[in-house]
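User: Could you show me how to read the packing of two helices, and then how to read a chain interface?
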Amino acid sequence: MSAADALRDRLAPALRSDAALLVALLLGIYALYVASGVALGYELRGQLNAVAVVTFYVGVFSLLALALNLHWGYTGLFNIGIVGFMAVGIYTMAIVSKAVYTPGGAAQVGGLGAPIWAGMLAGTAAAALLGLVVALPALRLRADYLAIVTIAMSEIVRFTLLSNAFESFRLPVPYVSRSGVGTAAYRVGLGGGSGLILDFQDPLAAFVEAVGLAGPYAGLVDLFGTAIENNPRPVVDGLVYALIVLGFVAGYYWLLKRTGESPFGRVLKAIREDEGVADALGKDTRAFKVKAFMLGCGLMGLAGVVWFMRQGAITPNTYRPRLTFFVWIALIIGGAGSNTGSVVGGAVFAAFLYQGPLYLKNLVNTVAPVSDAPGSFGPAVAPLIADLDPAPFLLYTIDSVRQLQLVIMGVVLVALMHRRPEGLLGHRKETAASVPLRGAGGSGGAAGAVGTDGPAERTGGDPSDPDGGEGDG
Amino acid sequence: MGFAETYARGRRVAVENPIGIVVLVVVAVLAVDLARGLATGRVPVSRVGSLVWDGLMRGLVIGLAGIGLSMTYSILNFANFAHGDFITGGAFAGWATTYLLAGAGSADVGALLLVGAGGSVFGGALGVGITTTPVAVLAGVLVAGTATVGLALLADRLAFAPIRDAGGISLLITSVGVAFALRYLIQFVFGPSTRGTTAASAVPKFPLYLIDGFVRIDAHDLALLVIAGGLMIGVHLVLQTTKLGKAMRAMSDNKDLARITGIPAERVVTATWVMGGGLAGVAGYVLVLWKGTISFNDGWLLLLLIFAAVILGGIGSIYGAIAGGVVIGLTYSLSVIWIPSTFARAAAFLVMIVVLLVRPQGIFAGRTTA
């Protein structure tokens with residue numbers, strides 16, 4: 001048996017079990033959603049929509065958690081500016097792919113009128129470039145300083161999107177035609193506070209046409225039409241797009257797995273464990289960190305595009321830092337350092353913390369429609385204190401589920417850091433070694449422990465001493 | 001020192017620190033532009049005066065809140081992202097007290113306690129102000145401080161103490177969780193709306209004539225100045241003259257050495273939260289008094305500016321935090337001379353990023369908490 005065969009034999013069970021785990025998790029989520037829907041008498045259309053929506057969010061949060069895992073789990077870069085890269089991705093995509101400005105149209109500003117795939121590529125590239133701009137100066141800083149720089153950067157991006165100064169401008173684009181070379185000025189812009197209308201063709205429809213499946217797709221819609229009476233198209237669109245997002249997840253997973261297992265990835269993990277050692281071994285750690293950071297940022301930009309390009313319109317205030325922290329919670333649930341863990345974390349976060357409470361609220365509202373929920377805390381609590389009537393308080397609680405879910409997320413994050421800082425899956429962090437560290441026989445236990453340090457240890461060796469050697473001056 | 005030596009030294013500095021040179025050039029260009037603007041009358045002197053005053057006020061709030069953040073950063077060794085929501089918590093606790101005292105008898109107690117959630121009571125209608133209801137405001141300051149001390153100690157007990165030795169990043173992530181829970185609990189109870197808190201028309205104003213116009217100064221500015229300045233001097237005295245202060249400075253300089261010499265680490269940690277929390281709460285209260293509105297987001301929006309100030313001044317140095325706060329406040333206010341006001345905050349962040357690149361140890365580095 002050759003070495004490659006041996007490796008494959010060793011990996012196969014792990015791969016199978018990870019894939020099985022993910023499929024089981026997804027099916028479990030569906031079962032819970034559908035069961036609670038059936039129990040409360042949701043109709044088929046609502047059920048299918050709910051499944052599509054939860055699959056979509058499972059997908060996008062998995063994408064973002066995977067990209068963040070490359071930064072934090074593999075390289076140890078503490079990036080809390082994720083939302084800035086997402087915003088740059090989708091805004092660039094919008095500018096490139098939006099229809100060219102026509103006076104009197106619905107959109108205040110136009111775009112370059114390029115195909116959607118070109119926009120997606122441009123968005124990814126722009127996010128990676130912003131990553132470069134941030135990385136060049138910031139990566140030599142301590143982890144907590146990098147954190148503050150990245151979050152400040154994401155806010156600067158949001159202020160820029162909000163600003164009137166870039167609401168609309170003319171972008172000269174060089175072109176080459178038969179008559180010669182010149183530049184054409186396009187009226188584009190960031191749209192200011194009111195955002196941008198994404199007035200390009202539905203990316204899903206464009207994709208279906210491009211792969212030549214328009215006919216079968218129409219047939220699929222008709223098929224669903226037999227079960228859902230009027231207008232089955234949006235339901236089918238939602239389901240199919242959710243599947244495409246899962247396809248992106250598979251692509252990210254494959255890419256990051258390949259990256260992590262390559263010599264490049266092993267250097268990244270070595271940097272995470274001890275940058276000084278990697279440096280001493282002759283690796284240009286700065287270049288590795290910049291490349292890893294750019295790749296992760298590009299993937300975050302693409303994830304932003306995938307998330308928002310079918311939303312019809314984008315506004316700057318969607319891209320607040322809380323989105324960044326959502327991704328962090330997802331990664332920590334699954335456990336940093338493992339790609340499977342990132343997907344598990346993304347799925348659990350999306351299904352139970354992000355969509356779950358809203359779905360529950362919808363269900364409750366469907367079953368027992370209430371219109372007289374108190375508008376604020378005072379009228380909600382007064383009856384509880386005065387005559388022990390808990391109804392208004394419960395109604396207010398259900399009505400405020402959007403705020404309370406953030407409280408729950410905060411509590412979950414604290415509880416995770418206390419009880420399972422290594423994530424739900426346990427110790428999955430991959431080691432920097434290319435050969436298994438578990439030796440034969442009795443030494444297995446001790447050697448195995450090398451790779452199982454929790455996130456706590458990662459920064460343990462670095463006391464807060466930014467000015468290092470010059471202390472006695 | 002000869003010319004050649006000076007030249008060689010200048011060259012070395014320029015080669016070693018190119019960003020520093022660029023920063024100096026940019027600052028010089030802006031200063032020259034401002035001087036020309038003032039000389040030609042393009043930028044009225046009184047406008048610059050108003051902006052400086054505004055920036056000083058903002059900077060004092062940032063500096064006051066920054067002292068606590070700087071202390072927890074150096075003594076507990078993590079960036080506390082919940083600090084902004086301690087500020088908000090203190091502001092709401094203090095203003096509930098002020099409303100209750102100012103509006104007792106004239107409005108529903110529940111509405112007063114919720115600082116007029118859902119538009120049930122308006123601070124303007126109650127006539128709240130430092131001159132109109134001084135007792136209510138002073139009581140509010142005290143309650144804001146003490147309530148935030150309680151909040152900080154509770155957060156420490158529940159969230160931070162169990163993982164005291166877990167490393168800075170774990171604690172930072174935990175503090176993000178605390179921040180989320182706290183912020184949206186505050187929103188759940190006090191509502192999402194931004195509302196006015198003071199009777200703006202009843203505040204005495206002291207316009208100061210400056211060459212070509214007036215610098216607007218009012219009683220709330222002066223109250224902020226007195227409260228923030230007084231507390232800063234108080235902190236200085238505590239740290240410099242008491243045994244506790246000496247222990248805190250020792251902890252922040254070298255934890256292990258401090259422990260070996262018998263300093264009770266947990267007691268110092270508690271004292272850190274008490275001081276940091278109290279100052280954060282009062283800062284939140286006076287911020288609301290100064291700007292006249294309150295919202296569940298106030299502290300969080302201020303937090304990144306406070307981080308900027310603390311990093312600017314050098315983590316661990318309270319004088320650095322105060323000076324950094326004033327610099328950040330002035331940057332925030334004065335930047336509107338050159339750029340649209342949407343970017344005022346961005347300018348402050350940029351200053352922080354540049355300081356991190358040029359002098360990551362901060363301006364006052366090496367004098368931690370001293």
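Analyst: Happy to! Axes are lines fitted to C-alpha atoms, for helices over the stretch in contact, and angles run between N-to-C directions. Two packed helices are then described by the distance between their axes and the angle between them. Keep in mind that this is a predicted model.

User: At what angle do the axes of α2 and α12 of chain A cross?

Analyst: Helix α2(A), residues 44-75, crosses α12(A) at roughly 80°, and their axes come within 9 Å. Angles of 65 to 115 degrees count as roughly perpendicular, so α2(A) is roughly perpendicular to α12(A).

User: Which residues make that contact?

Analyst: From α2(A) come A:Phe61, A:Leu64, A:Ala65, A:Leu68, A:Asn69 and A:Trp72, while α12(A) brings A:Phe326, A:Val327, A:Trp328, A:Ala330 and A:Leu331. By class, 10 of the contact residues are nonpolar, 1 is polar and none is charged.

User: Now the interface. How many residues of chain A and chain B are in contact?

Analyst: Chain A contributes 51 residues and chain B 49. Together the chains bury about 4300 Å², with carbon and sulfur atoms giving 78% of that area. In chain A, A:Tyr145, A:Ile148 and A:Phe159 lose the most area to chain B, together 14% of what that side buries.

User: How many salt bridges and polar contacts are there between the chains?

Analyst: There are 0 salt bridges between chain A and chain B, and 3 residue pairs are in polar contact, both residues at pLDDT 80 or more. Among the helices of chain A that each supply at least two residues to this side are α5 (143-162) and α12 (321-334). The most comes from α5(A), with 12 residues. Sorted by class, the chain A side has 33 nonpolar, 11 polar and 7 charged residues.

Notes
Residues numbered from 1 in each chain as written. Chains lettered and ligands numbered in written order. Predicted model: local features only at pLDDT ≥ 70, side-chain atom pairs only at ≥ 80, totals over all residues. Heavy atoms only, no water. Contact = heavy atoms within 4.5 Å. Buried area = accessible area lost by both parts, 1.4 Å probe. Salt bridge = Lys/Arg side-chain N within 4 Å of Asp/Glu carboxyl O. Polar contact = N/O pair within 3.5 Å; in protein donor to acceptor, adjacent residues only side chain to side chain. Helix = DSSP H or I, 4+ residues; strand = E, 2+ residues; numbered from the N terminus. Nonpolar A, V, L, I, M, F, W, Y, C, P; charged D, E, K, R; others polar. Axes fitted to C-alpha atoms, helices over the stretch in contact; angles between N-to-C directions. Parallel < 35°, antiparallel > 145°, perpendicular 65-115°, else oblique.
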